[in-house]
Amino acid sequence: MPLKRKDLLGIEPLSVEEINLILDTAKAFKEVSTRDIKKVPTLRGKTLINLFFEPSTRTRTSFEIAGKRLSADILNISASTSSVVKGETLIDTARNLEAMYPDIIIIRHSRAGAPHLLANICRASVINAGDGAHEHPTQALLDAFTIKENKGQIKGLKVAIIGDILHSRVARSNIHLLTKLGAEVSIAGPATYIPVEIEKLGVKVYHHIDAALEGRDVVMILRIQRERQDKSYFPSLREYFNLFGLTLERLKRAKKDVIIMHPGPLNRGVEISSEVADSPYSVILEQVTNGVAVRMAVLYLLMGGKYEEVVS
Amino acid sequence: MKKLLVKGGRVIDPANNLDEHLDLLIAGGKIAQVGKQLEDKEAQIIDVQRLIVAPGFIDMHCHLREPGREDEETIESGCRAAAAGGFTSVACMPNTDPPNDSQSVTEFILKQAAEKGIVNVFPIGAATKGLLGEELAEIGELKETGIVAVSDDGHPIYNSNLMRKALEYAGMFDLPVIDHCEDKELSAHGVMNEGYYSTLLGLPGIPAAAEEIMVARNIILTALIKGHLHIAHLSTKGSVELLRWAKAQGLRVTAEVTPHHFTLTDKEVCSYDTNTKMNPPLRSAEDVKAILQGIKDGTIDAIATDHAPHRKDEKDVEYADAPFGIVGLETAVPLALDRLVNKRVISPSRMIAMFTVNPATILKLERGTLSPGAAADVTILNLSEVVKIDVTSFQSKSRNSPFHGWELIGRAVLTIVGGKVVWPAKSLT
Amino acid sequence: MPFREKVQLMDAVTMDRTLIRIAHEIIERNKGVQDLVIIGIRTRGVPLARRIAKKIEEIEKVSIPMGILDITMYRDDLTAVGPQPIVRQTNIPFRITDKKVILIDDVLFTGRTIRSALDSIIDLGRPKFIQLAVLIDRGHRELPIRADYVGKNVPTSLEEVVEVNVVEEDGKDSVILMEED
């Protein structure tokens with residue numbers, strides 16, 4: 001079964017089969033990164049554009065390496081050098097890029113729905129690399145890949161996601177993916193960080209970290225975005241760490257073989273203690289490695305079924 | 001002016017409790033006679049068999065954008081859109097540039113309307129100078145010039161003391177104060193209804209409470225002083241309940257609802273189509289249900305469009321960055337006929353009242369009826385005609401509607417203003 | 001397009017005999033098994049490679065390294081109309097530089113699969129040489145490629161299909177020539 005879509009805009013619209021296809025395909029691509037010659041000719045002659053309207057090192061680099069290992073030509077456009085600063089609209093920027101016949105546009109944007117706007121007008125495939133507080137599908141896919149590698153399967157696992165759920169696209173994409181694959185997902189954070197009616201997405205909400213950690217197989221810690229911090233969400237970083245920071249002591253409540261995940265970059269001593277981040281429980285660097293494999297898989301799969309999709 | 005004889009239709013005039021097959025004779029810009037089998041040799045005959053003859057529809061809340069944003073709409077184009085949509089009168093909000101807070105702006109609007117407008121235009125004046133919510137506008141002078149209500153439109157009067165004074169002061173002139181009820185601190189940077197869909201879409205939400213807090217405050221103020229409060233575009237279940245309570249207390253509070261708030265829910269935002277972005281935002285299915293109940297039981301007085309034209313390029317941006325608002329003059333009547341009458345929420349007569357006598361009463365207009373001697377403003381409706389909404393055929397200068405491509409049953413087919421057929425432009429004979 | 005059986009080319013016994021012969025030929029041609037590695041091309045080249053490796057081991061009493069190659073990432077028809085093929089893992093758990101690589105596939109047809117496999121192997125290292133063994137050579141080459149070891153040469157028309165069944169994948173061992181129904 002191929003991936004029957006032009007774009008990857010989120011996890012929410014994906015079927016379980018599509019998710020499994022991406023994860024299985026990533027397994028094959030992971031091997032490429034272990035070779036001496038870390039390159040296959042799969043996407044030779046394809047043009048990929050990394051269109052980043054928000055600063056990002058990790059995701060942009062990961063897509064860039066993924067593209068290069070597949071022999072695609074990939075170029076980076078960041079907001080500071082694009083015409084956005086000159087007041088050009090997103091649609092005009094997209095039309096201009098489109099006129100140069102790219103095959104895939106990878107977009108990161110601070111506004112939810114920006115990739116959808118692009119996907120509607122572009123012939124190229126669009127990959128959402130994070131849009132506002134909406135979705136970050138490749139992050140959730142690489143998280144799921146990492147969980148599967150460590151735990152064998154996702155079905156039946158108890159997963160806790162802790163932190164600023166309200167502003168987190170990583171949380172939303174992971175909630176969609178993990179619940180689709182049959183994990184039991186709970187979230188925890190200050191009440192000011194829990195979006196309304198989130199229970200309808202099939203998660204359990206906790207306001208105490210200890211209860212959220214109890215018996216968990218997987219704990220995902222979200223980054224506290226200091227830069228977008230409006231003081232009214234919580235009084236101080238110190239109080240946040242005291243109430244929700246992940247420490248080795250607290251981690252004892254989780255299962256003995258718990259894994260700790262974080263989408264990065266880390267704020268040590270804010271949402272996670274250094275001891276936990278550097279502990280054997282941490283799979284944070286595996287997440288980074290797997291990110292490349294998962295993104296190679298997504299690039300490959302989107303390129304395959306594309307023409308059918310566009311004609312219909 | 002030629003006499004008109006509107007023959008063979010079902011005349012519904014809620015002001016006179018009339019619903020019968022009658023003929024209508026119009027002469028000298030006035031309703032001359034309503035009766036059976038009328039004859040007049042001089043009159044041009046308009047055959048309206050199987051159609052409904054109603055008093056001219058009044059849109060008590062629209063934005064004509066002139067002066068200031070003639071690129072989005074002008075008084076001329078807005079009036080044409082109104083006529084095409086079946087409206088004979090519109091009341092335009094003061095959020096122009098400059099805002100309508102002085103006699104000269106009111107005079108300008110009335111002059112433009114008289115010269116270029118094909119429907120009646122009734123300006124709404126600013127409640128506070130510059131719509132800034134700091135000091136009262138010269139409401140007395142504005143009233144003299146011709147305003148029919150005061151409002152700060154999209155800028156709710158935040159200061160409760162000033163709102164009290166606006167109600168008291170406007171009350172002296174028997175002018176309603178129309179308030180866009182919203183606690184802007186609570187809605188903050190919100191761009192859609194706060195609820196399941198805002199959580200799903202990752203868009204900042206505007207809670208229902210942001211509206212309800214101000215509705216409650218305003219109602220409580222009207223209990224304190226004499227004055228007429230009119231709640232603009234009410235959108236939540238809580239607001240309907242508060243309004244019902246206020247009416248039960250005998251307070252002088254009226255309210256309007258827009259067609260989009262009784263038709264669409266916040267689920268529509270899932271497309272990230274910026275034509276689903278307006279303020280107040282599309283609400284939950286539960287809110288829509290409560291609004292339909294409020295329409296059914298008469299709690300809600302009027303239907304108004306909140307017609308808010310925006311240029312395509314202003315709307316063709318990221319959802320959060322798009323301006324609030326949609327056009328409504330050319331979709332309101334089909335939506336009301338389809339959703340309220342054909343789906344049997346209310347009778348044709350009740351629906352017509354919400355567009356005619358009710359807004360006329362709120363704004364104290366001598367319109368909204370077919371009584372002999374009244375201005376000959378008439379809207380002819382076809383209850384069963386299927387209409388496909390096509391924004392490219394709109395008379396409005398703007399196209400920002402979420403209803404493009406919708407098929408609805410029922411529309412206004414003929415608009416008569418002051419005894420003259422204004423729409424269709426080439427009159428039927 | 002439905003196909004029906006035209007003629008059975010091999011049964012389990014003849015297939016086994018053929019693989020034994022190929023195993024002997026490999027040993028003979030290479031004067032032993034020094035530095036010999038066997039790589040099967042997915043899907044049906046893999047069980048055939050396993051069997052040949054096992055037979056060589058039985059004859060020579062040494063263990064032969066066996067690897068699996070998935071050539072999907074090297075295909076030249078990825079952007080053609082139609083759904084993309086599933087990529088599976090390549091698993092070659094040894095270094096191939098300076099090794100004598102015996103590449104194994106079930107059917108040699110246009111030669112494009114072998115071209116992909118050669119590119120793929122060369123990206124993995126620099127073997128001493130690569131030889132090709134196939135169960136069936138059905139002709140119609142589109143590239144200048146030939147096999148070093150052939151189980152059976154079968155003249156076919158382009159409309160025909162050669163179906164290779166192996167116990168490991170299909171529950172039985174057979175080779176059948178199919179034609180359009």
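**Sheets, helices and cysteines of the predicted model**

In strand 7 of chain B, Phe87(B) is the bridge partner of Phe57(B). Strand 6 and strand 7 of chain B run parallel and are joined by four bridges.

Helix 1 of chain B, which spans residues 75–85, is mostly covered, since nine of its eleven residues are buried. The buried residues include Ile75(B), Ser77(B), Gly78(B) and Cys79(B), and among them are also Ala81(B), Ala82(B), Ala83(B), Ala84(B) and Gly85(B). The elements that cover these buried residues include strand 7 (87–92), helix 2 (103–116) and strand 8 (120–123) of chain B, and also helix 12 (332–342), strand 18 (407–417) and strand 19 (420–423) of chain B. Just after helix 1 of chain B, Gly86(B) adopts a positive phi of about 100°.

A second open sheet in chain B consists of six strands in the order 9-10-11-14-15-16, and the pairing is again parallel. Its edge strands are strand 9 (125–126) and strand 16 (302–303) of chain B, each of which pairs on one side only. Within this sheet, strand 14 (residues 229–231) and strand 15 (residues 253–257) of chain B run parallel and are joined by three bridges, and the bridge partner of Leu229(B) in strand 15 of chain B is Val253(B). Helix 7 (residues 208–224) of chain B lies across strand 11 (177–179), strand 14 and strand 15, running at about 165° to strand 14 of chain B. Helix 8 of chain B lies across strand 14 and strand 15, and runs at about 150° to strand 15 of chain B.

Helix 8 (residues 237–248) of chain B also packs against helix 10 (residues 285–296) of chain B, at an angle of about 30° and with the axes 8 Å apart. These two helices of chain B are therefore roughly parallel to each other, as angles under 35 degrees count as roughly parallel. Helix 8 of chain B contributes Lys237(B), Val240(B) and Arg244(B) to the contact, while helix 10 of chain B contributes Glu286(B), Asp287(B), Ala290(B), Ile291(B), Gln293(B) and Gly294(B). The residues of this contact comprise three nonpolar, two polar and four charged ones.

A search of the whole structure finds zero disulfides over all chains. For Cys92(B), which is in no disulfide, the nearest cysteine sulfur is that of Cys62(B), 5.9 Å away. Cys92(B) is buried, with a relative accessible area of 4%. Cys181(B) is likewise in no disulfide, and the nearest cysteine sulfur, again that of Cys62(B), is 19 Å away. Cys181(B) counts as buried at 5% relative accessibility.

In chain A, Ser273(A) lies in the loop between strand 9 (259–261) and helix 10 (274–277). Ser273(A) is buried, with a relative accessible area of 5%, and, not counting residues up to four places away in sequence, Ser273(A) touches Phe241(A), Leu246(A), Thr247(A) and Leu248(A).

Key
Residues numbered from 1 in each chain as written. Chains lettered and ligands numbered in written order. Predicted model: local features only at pLDDT ≥ 70, side-chain atom pairs only at ≥ 80, totals over all residues. Heavy atoms only, no water. Disulfide = S-S within 2.5 Å. Buried < 20%, exposed > 50% of the residue type's maximum accessible area, 1.4 Å probe, protein only. Contact = heavy atoms within 4.5 Å. Axes fitted to C-alpha atoms, helices over the stretch in contact; angles between N-to-C directions. Parallel < 35°, antiparallel > 145°, perpendicular 65-115°, else oblique. Nonpolar A, V, L, I, M, F, W, Y, C, P; charged D, E, K, R; others polar. Pairing = 2+ DSSP bridges.
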